[in-house]
Amino acid sequence: MRDTRTGLHRRIALETPEHVKLEYQLADLGSRAAALALDLAIIVVAMLVVALVFRYTGGLGRAVLYIVSFFAVWGYFLFFEAVWDGRTPGKRAVGLRVLHDGGEPLSFQGAVLRNLIRIVDLQPAATGMAGAASILFNRRAQRLGDLVAGTIVVRDTGGGEMFGDEPATTGRVGRPRLSVEQFALVAGYVARRAGLEPDVRGRVAASVWDAVRPAAGRDGVDPEAAPDTHLLRLHDEEAPRHAARQGGASLQAAAMARERREAWATYTDLVEKGRAGGLDRFSEGEVRAFGRLYRGVTADLARARTYGASPGLLEAVERWAGAGHNLLYRAKGRAAVPLGRWIARELPRAVRRHHRPVLLAALLLFGPMLASYAAVRDRPARARAIMPAGMLARAENTARGDINASYIEVDGAERPALSSALVTNNIGVSFFAFAAGLLAGAGTVLILVFNGVLLGAAFGLYANNEVLGVILAFVFPHGVMELTAICLAGGAGLGLGSALLVPGRRTRREALRERGRAFLSLVGGAVLLLIVAGLVEGFYSPSGLPAVAKFTFGGATALLLAAYFGLAGRRPDDPRGEIRAVPAP
């Protein structure tokens with residue numbers, strides 16, 4: 001893989017498993033910002049519509065709003081990029097696609113990683129400055145999420161213009177006015193102009209025309225005409241001159257184009273059909289034909305380069321070869337560990353394999369919690385500096401001497417909304433704890449310590465008011481799962497941060513990619529536990545059951561989790577215990 005600069009844009013050259021070089025134009029900051037703006041507009045409109053529909057539907061409606069809001073923040077980009085071959089609606093409108101930096105189509109795991117890190121790219125305070133700076137100064141135009149996921153954003157190579165004939169050559173067309181590089185710039189613009197929006201086309205045409213105007217001369221130039229008109233006329237004049245200068249090689253390219261036109265037409269039809277529904281839509285005969293034609297087109301690409309084909313023909317062959325490559329390897333890369341197998345084997349293996357950062361996360365959570373509890377018990381006034389007014393009032397108004405007293409009153413109709421709010425908030429915190437590990441682990445440490453201090457202060461406050469048993473009875477049923485999940489997410493964040501601090505024999509870029517994938521299972525486990533914990537906290541914990549039932553439930557949960565993480569997945573049929581993927585969506 002190599003990075004180049006051609007004309008106005010950065011390009012990257014990737015080698016396919018068929019040993020054919022594909023060149024992609026990297027998306028610049030402006031086009032990515034335009035795609036993001038379109039996606040954000042879609043998100044805002046969708047949220048407004050949902051809010052209007054569910055505004056007056058009570059607790060169930062608010063539950064839907066919480067879920068939709070969570071999806072808008074964390075799930076929109078992940079969902080579309082995972083199921084729509086690396087494109088969101090905004091990226092598709094602008095003509096962008098996400099690929100892995102080896103040329104492979106975006107995997108589900110890659111989509112998860114790059115979009116979990118998005119929250120860091122948007123800092124400080126959702127300005128996007130961190131991601132923008134990374135795109136500008138990284139030679140592959142990667143934001144921080146791309147670095148962790150090993151992805152790049154490119155101009156969509158999904159096809160568009162059809163293959164054309166090689167320009168006819170003649171020996172009496174005059175000498176070219178443009179250099180080879182200048183003509184390549186003009187031909188590249190002409191090849192891509194049909195896919196550009198009118199305003200974008202105007203800006204690009206003006207830039208290209210400014211670059212080649214001195215060499216183009218003034219003969220026949222209408223000063224009132226648009227730059228696009230000048231470039232089309234100039235391309236028509238210069239194409240046969242450059243073809244003639246290449247001589248026999250260009251004649252060979254023209255002959256190849258005429259000879260392969262029918263096969264290319266069949267191939268493009270199959271690619272368009274596959275892009276609409278995947279290779280699953282193909283019959284057995286079409287699958288064989290696609291494989292044969294794809295190999296032929298990749299060979300044609302190598303021949304076109306050897307023959308010195310015109311930039312227009314070379315661009316078309318390369319675009320369609322890239323489209324076939326994406327379609328073929330998207331189908332091959334869809335395998336994922338089934339959800340049941342991931343829960344039964346892969347997740348507990350991941351926890352055991354990465355127990356050190358998980359235990360360190362537990363220390364960073366429970367250590368400050370105990371210290372904060374002791375500090376509030378020693379000096380009760382400290383609670384007022386830490387805890388919100390609502391928590392202070394609740395502790396002071398809770399009935400003393402009755403461990404079965406209600407910690408919080410929740411009407412049955414409101415419990416779906418409470419459960420949804422808790423689930424989405426806690427999962428968001430776990431995502432942020434993982435992503436913040438990219439700040440050399442400092443962000444994760446801050447989140448763990450902050451939450452530990454709040455928990456300890458809350459327990460100290462209730463102990464000072466002689467109602468500690470009431471809050472423990474409420475917290476215990478879901479608390480074991482919730483705190484375990486925080487430790488898993490924190491351990492994943494610390495593991496990600498270790499790639500920057502102690503990358504070992506790998507570069508920091510390689511270590512980020514490797515550890516991001518390795519620790520992703522811990523994040524998936526945190527999500528699973530928080531979904532269950534949120535349901536328990538919303539429906540079981542505030543119920544009127546006696547405290548003994550709630551403590552029994554929490555104790556049983558602790559024993560089951562200990563047995564699960566300690567014993568599950570130890571069958572000898574897979575002695576390596578490899579962690580291959582998070583569950584498929």
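These legends accompany close-up views of a predicted model.

**View 1. The second largest cavity and the residues around it.** Let's start inside the protein, where the model holds two cavities of 30 Å³ or more. To find the cavity on screen, select its lining: Val429, Ser430, Ala433, Ile447, Asn451, Ile486 and Ala489. Five of these lining residues are nonpolar and two are polar, while none is charged.

**View 2. The helices that supply the lining of the second largest cavity.** Here we step back to the elements that carry those side chains. At least two lining residues come from each of α18 (415-435), α19 (442-464) and α20 (468-501). The largest share, three residues, is supplied by α18.

**View 3. Two elements at opposite ends of the confidence range.** Across the protein the mean pLDDT is 83, with 87% of residues at 70 or more. Helix α15 (residues 355-378) has the highest mean among the elements, 95. Strand β1 (residues 2-6) has the lowest, with a mean pLDDT of 48.

**View 4. Two stretches to read with the confidence values in hand.** Residues 165-172 have pLDDT under 50 throughout, and the model gives this stretch 20 contacts beyond four places in sequence.

How values were computed: Residues numbered from 1 in each chain as written. Predicted model: local features only at pLDDT ≥ 70, side-chain atom pairs only at ≥ 80, totals over all residues. Heavy atoms only, no water. 1 Å grid on protein atoms, 1.4 Å probe; cavity = no way out; pocket = protein on both sides within 12 Å on 5 of 7 lines; lining within 4 Å. Points joined across faces, edges and corners; volume = space filled by probe spheres on them. Helix = DSSP H or I, 4+ residues; strand = E, 2+ residues; numbered from the N terminus. Nonpolar A, V, L, I, M, F, W, Y, C, P; charged D, E, K, R; others polar. pLDDT = per-residue confidence, 0-100. Contact = heavy atoms within 4.5 Å.
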